[in-house]
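Student: I would like a close look at one part of this model, with its surroundings taken in order. Please keep the account plain.

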Amino acid sequence: MTLFRKNLIDGEWLGEAGSRNINPSNTGDVVGEYASAGPEQAKQAIAAAKAAFPAWSRSAPLVRHAVLKKASDEIMARKDEIGRNLAREEGKTLAEGIGETIRAAQLFDFFAGETLRLSGELVPSVRPGVGVEITREAVGVVGIITPWNFPIAIPAWKIAPALAYGNTIVFKPAELVPESAWTIVDILHRAGLPKGVLNLVMGKGSVVGQAMLDSPDVNAITFTGSVGTGKRVAAASVEHMRKFQLEMGGKNPLVVLDDAHLGTAVDCAVNGAYFSTGQRCTASSRLVVTDGIHDRFVAALKERMEKLVVGDALDAKTQIGPVVDATQLKQDEDYIAIGRKEGAELAFGGERLDAATPGFYLTPALFTGATNAMRISREEIFGPVANVIRVGDYDEALAVANDTPFGLTSGICTSSLKHATHFKRNSEAGMVMVNLPTAGVDFHVPFGGRKGSSYGPREQGRYAMEFYTTVKTAYSFAG
């Protein structure tokens, strides 16, 4: 019997009309059916969050700590089960699904600790007898809109700090991955959250998301997704003078210099470009390689790609799972056709695969002979597609790496301390990796980019406080 999941609004599970959640590794497998909220339910959720805010924002730190710690412990205890369901609905490999689930548990554990570390300042006034206190308080009702590619980690790194600092939440996950979202909300609900503090409204972005954007009672919105939608979030937020935080993607370069260790460079390229089926905003979609190592690098990369196992996400042998759905598969194929038309050489892959079960399988694609002016070098594809751009030296490599409208992450493979140090300082990205894949970050440090990749305060770590709190300065005269 197909399971049915409802929305959580003001502490009650509600909803009837459902949408189906399909396994991209096996389109005949229905993960479940999920309620689809309408505008009225979205408004109810916002009203519930607003009503719950005064009490929750003034709750004792140990109350918030207990909820977040309990949620962390349950997620970790159920990591295999939750990770399997994540892989089943999103298509990343079982190992990646479990790893992402562990990261979610770590995020809740970290922010459980942050509830006890929130501090302020006591400073002397320039006026005699006057004291000044600088404190941080919760922003209010936070709208959280998350994408499908990290269905439990991204909700965790938004929900955990929002709750830790005393905010209430209206949460709209991506329609493609409702099971992971429902699971995390169910765990938090049973961990003891008061009604209305966390509200889950699954449904269409054009309906639920729009209701959140239109409401003057939503005090802040954090969004991860496409550039186009991010711009709409920004415009609507300015209209209401609310805080907003945007993470919108990247076209990340991995620079490979002549003095790089070849094995390390290939490892970084394969991991960054193709793991998680390339469906990461931090993926290495541009491989910027200098002349002296170019041919050896391409040959070694192709040899490694030939050994990659593409298949069912739940198969332990699988290294690359399916693309998330038919729409994304078509987008990948369209960009592969665009690359060939632009004159790049499809050196490997880019073909649909048949497997034991019907799914959205695509062999990882590698272009050579690309230029940085091509569309495949300028636009985010969000799939297992990467292109090699040949350059003469380090200076040209840095210029090409920075020549992009995005600026999320970048990487360099080199044995030169001089070039590594220069690249870290001069790369126009929010995160820089040396001899590491561009994808893959720690949970306790800031995440975010520059230019068209991000807007607003950083996510994760203690820097999350900048978005989820507001500063108050209080003056007192003793008389």
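Student: How many cavities of 30 Å³ or more does a search of the whole structure find?

Tutor: The model is a predicted one, and the search of the whole structure gives four cavities of 30 Å³ or more. The largest cavity has a volume of about 80 Å³. Its lining is made up of 14 residues, and those closest to the centre are Gly278, Ala283, Ser285, Phe382 and Gly383. Sorted by class, the lining of this largest cavity comprises six nonpolar, five polar and three charged residues.

Next come the strands. Strand E14 covers residues 284-290, and Ser285, one of the residues closest to the cavity centre, falls within that range. E14 pairs with E17 in the parallel sense, over five bridges. Within this pairing, Arg286 is placed opposite Asn387 of E17. E17 is also joined to strand E16, residues 365-370, by four bridges, and these two strands run parallel as well. Here Ala365 stands opposite Val385 of E17. E17 itself spans residues 385-391, and six of its seven residues are buried, so the strand is largely enclosed by the rest of the structure. As a general point, side chains in a regular strand alternate between the two faces of the sheet.

Glu247 is located in strand E12, residues 243-247. Its relative accessibility is 5%, and because the cut-off for buried is under 20%, Glu247 counts as buried. Setting aside residues up to four places away in sequence, Glu247 touches Phe223, Thr224, Gly225, Leu408, Phe447, Gly448, Gly449, Ser453, Ser454 and Glu459.

The other residue is Ser410, which belongs to strand E19, residues 409-413. Ser410 has a relative accessible area of 1% and is therefore buried. Apart from neighbours within four places in sequence, Ser410 is in contact with Pro253, Phe423, Ser427, Ala429, Met431, Val432, Met433 and Thr438.

To sum up, E17 has parallel partners in E14 and E16, while Glu247 and Ser410 are both buried.

Key:
Residues numbered from 1 in each chain as written. Predicted model: local features only at pLDDT ≥ 70, side-chain atom pairs only at ≥ 80, totals over all residues. Heavy atoms only, no water. Buried < 20%, exposed > 50% of the residue type's maximum accessible area, 1.4 Å probe, protein only. Pairing = 2+ DSSP bridges. 1 Å grid on protein atoms, 1.4 Å probe; cavity = no way out; pocket = protein on both sides within 12 Å on 5 of 7 lines; lining within 4 Å. Points joined across faces, edges and corners; volume = space filled by probe spheres on them. Nonpolar A, V, L, I, M, F, W, Y, C, P; charged D, E, K, R; others polar. Contact = heavy atoms within 4.5 Å.
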